Amino acid sequence: MIQSTDEDDNVALAELVAHLQRSTATEQRIEIEEFIGIDDSVAVCALATEEEILAEAESNNHNTDDENEDQQDPEEQFQPSTIFEALNAITVLQKFVAFNDQFNTDDTHTLRSMKRKMQKKFETRLKKTD
């Protein structure tokens, strides 16, 4: 337990309760029902009708559909992966297959040979561009 060096922090709980009771005894007390309903007569907003709620929901759906159409431009959406991304993906698959009992060694060899094939094709392209 951490001990405080400040004397105000080392007040007994009973003493705090007694102080609270003395301070609230002098203040005007109100009943709980009055406290709960104190703002009942204050207008904070009008209640929405079912029609208004449905109209707003439909409007939100139409706006979402318009946004989705803008985002689904085929030319902007599809960008082919680079050779480095493809090789990295194969590496991730190799790790997954290696540590998952549902796959066998043939699966591991298939991924390894695919990775080698991609690397060789990439090297061949590099040599042609030189």
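Helices are DSSP runs of H or I with at least four residues, numbered from the N terminus. The exercises below concern a predicted model.

**Exercise 1.** Determine in which helix Leu13 is found, and whether Leu13 is buried or exposed.

*Solution.* Step 1: Leu13 is found in helix α1, which comprises residues 13-25. Step 2: exposed means over 50% relative accessible area. Step 3: Leu13 has 66% relative accessibility and therefore counts as exposed. Step 4: on the surface, Leu13 forms a nonpolar patch with Leu16 and Val17, and together these residues have about 290 Å² of accessible area.

**Exercise 2.** State how many aromatic pairs the model contains, and characterise the pair formed by Phe84 and Phe122.

*Solution.* Step 1: rings pair if their centres lie within 6.5 Å, and planes over 60 degrees apart count as edge-to-face. By this rule there are two aromatic pairs. Step 2: Phe84 and Phe122 have a centre-to-centre distance of 5.7 Å and an angle of 70° between the planes, an edge-to-face arrangement. Step 3: because Phe84 lies in helix α5 (residues 83-98) and Phe122 in helix α6 (residues 105-129), the pair ties together parts that are 38 residues apart in sequence. Step 4: Phe84 counts as exposed at 57% relative accessibility, whereas Phe122 counts as partly exposed at 24%.

**Exercise 3.** Classify the geometry of the pair Phe96 and Phe103, and assign an accessibility class to Phe96 and to Phe103.

*Solution.* Step 1: the rings of Phe96 and Phe103 are 5.7 Å apart, centre to centre, with 70° between the planes, and the pair is edge-to-face. Step 2: Phe96, at 46% relative accessibility, counts as partly exposed. Step 3: Phe103 has a relative accessible area of 34% and is partly exposed.

How values were computed: Residues numbered from 1 in each chain as written. Predicted model: local features only at pLDDT ≥ 70, side-chain atom pairs only at ≥ 80, totals over all residues. Heavy atoms only, no water. Patch = residues over 30% accessible without salt bridge, like charges linked within 9 Å, V, L, I, M, F, W, Y side chains within 5 Å. Areas by Shrake-Rupley, 256 points an atom, 1.4 Å probe, with all protein chains shown as cover. Salt bridge = Lys/Arg side-chain N within 4 Å of Asp/Glu carboxyl O. Helix = DSSP H or I, 4+ residues; strand = E, 2+ residues; numbered from the N terminus. Buried < 20%, exposed > 50% of the residue type's maximum accessible area, 1.4 Å probe, protein only. Phe/Tyr/Trp six-rings, centres within 6.5 Å; stacked < 30°, edge-to-face > 60°.
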